[in-house]
Amino acid sequence: MSSHRQSWIQQLKVREEAGLLRQHRLLESPQQPDAQIDGRSLIAFCSNDYLGMANHPEVKQAAIDAIERCGVGSGASHLVVGHHREHQELERELAEFTGRERALVFSTGYMANLAVISALVGKRDFVFEDKLNHASLIDGGLLSGARFQRYLHRNMASLEGYLQRYSTHSKTTPGLKLVVTDGVFSMDGDIANLPELASLCRQYDALLMVDDAHGIGVTGPEGGGSVLASGLSQEDVPVLMGTFGKALGTAGAFVAGSEALIEYLLQMARPYIYTTAMPPAIAAATRKSLAIVRKADDKRRHLSGLIQYFRQKVLGLGYVMPVSHTPIQPIMVGDSRSAMALSQFLEDEGVLVTAIRPPTVPDNTARLRVTLSAEHSYQQVDKLLAALSAALSTANISGQVSF
Ligand SMILES: *Cc1c(COP(=O)(O)O)cnc(C)c1O
């Protein structure tokens, strides 16, 4: 066997022994609470489809109609001939939705983050990121070649310390300072201190970028996200990024900001320029979804009721959960094998909650990342609660592991 292959197999074995091997789960139904997974019917509590838009009949119909009108593939990148009227209209609607001058659509959120950060900063500049930022933001910071500094999670004193240090430094080598944060943190469900971040950035002449992948659709007026929920303007948060693959139930992402920012990205951001435009039917489906989500206060109300109910019951059982008022409700376990054991136990009881392990989360913070959706019923949540309760009283589980 080649030495390359041997090395791959060896590294996989190390992962497996640490309980860190990841595996596909095979989904054979639409993304919805009642899911067919690996040939079984399970109630799923792990998608990011917070409002049940991924399988919404009107959104599906919008995609089908658009495929009839526009075909399937976009056939080219945006700046060659792939920029369809559906993309253009979606961008206009997103700008209006977020109260920004202009928006730009990307094929994925991962690419949008690489694109924006690497276009805005380079070798002479500085990037400051929350320690728990999404991997795509971390990767964008590293790709940019800028001096890269992570600050303690939601800790403004930690950020200010670094801003101070590098402000003195930049008197001799002036460089742009970019501060980047998740709006709603993807694995913990807590929310960044956005007004404080905006004011620190103003004070230190830094640019603020917020990735609101998990806030859009869920929080804020009309589901405008965490930035709009804090009432922050384009001047406060000059770079606002959001995705379509979560609460909007489709795929892709956007960046919104000033006319100058968007035109600059369009000219400079390589992951925007050198990729095929998203299919126009996905843009059309996203437009339909956005229109529905803006009016979906009833869905948001039901979801927030479920969140409160679930938290109260799980804490009552004695599980450890950090404070979160978003649909992301992590049950902290600690070590990866115990998280896997709890996940497996729940699955045997008919509910699916995936275990999230390092390196997605810090060492010794493996967890079950429960996500709630407006599509869940109280009966379904009760089933999850019953399974969580049974897990605690099952000797062969609690005997081996501690959750
Ligand atoms: C999911 C996610 C992304 C990536 O978006 P995709 O469209 O799935 O590539 C970026 N940032 C955050 C915070 C996310 O949760």
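The structure holds 15 salt bridges, each defined as a side-chain nitrogen of Lys or Arg within 4 Å of a carboxyl oxygen of Asp or Glu. One of them joins the side chains of Asp 38 and Arg 25, with an N to O distance of 2.7 Å. This pair links distant parts of the chain, 13 residues apart: Asp 38 sits in the loop between β1 (34–37) and β2 (40–44), and Arg 25 in the loop between α1 (3–17) and β1. Helices (H or I, at least four residues) and strands (E, at least two) are DSSP runs, numbered from the N terminus.

The model is predicted: local features need pLDDT of at least 70 and side-chain atom pairs count only at pLDDT 80 or more, while totals for chains, interfaces and linings use all residues. Residues are numbered from 1 along each chain as its sequence is written, and side-chain values use heavy atoms, with hydrogens and water left out.

Two domains divide the protein: domain 1 (19–51 + 296–398) and domain 2 (57–294), with bounds from an automatic or database domain assignment. Their C-alpha centres are 27 Å apart. At the boundary, 20 residues of domain 1 are in contact with 20 residues of domain 2, where contact means heavy atoms within 4.5 Å. The size of an interface is often given as the accessible area lost when the parts come together. Between domain 1 and domain 2 the buried area is about 1500 Å², with 61% from carbon and sulfur atoms; this is the accessible area (1.4 Å probe) lost on putting the two parts together, summed over both.

Between the domains the count is 1 salt bridge. The side chains of Asp 188 and Arg 367 form a salt bridge at 3.2 Å, N to O. On the side of domain 1 that touches domain 2, the elements giving two or more residues are α13 (297–317), β10 (328–334) and β13 (366–371).

Around the ligand there are 14 residues, of which Gly 109, Tyr 110, Asp 211, His 214 and Lys 246 come nearest; a residue counts as near if one of its heavy atoms lies within 4 Å.

| Residue | Ligand atom | Distance |
|---|---|---|
| His 134 | nitrogen | 3.5 Å |
| Asp 211 | nitrogen | 2.5 Å |
| Lys 246 | oxygen | 2.7 Å |

Key:
Polar contact = N/O pair within 3.5 Å; in protein donor to acceptor, adjacent residues only side chain to side chain.
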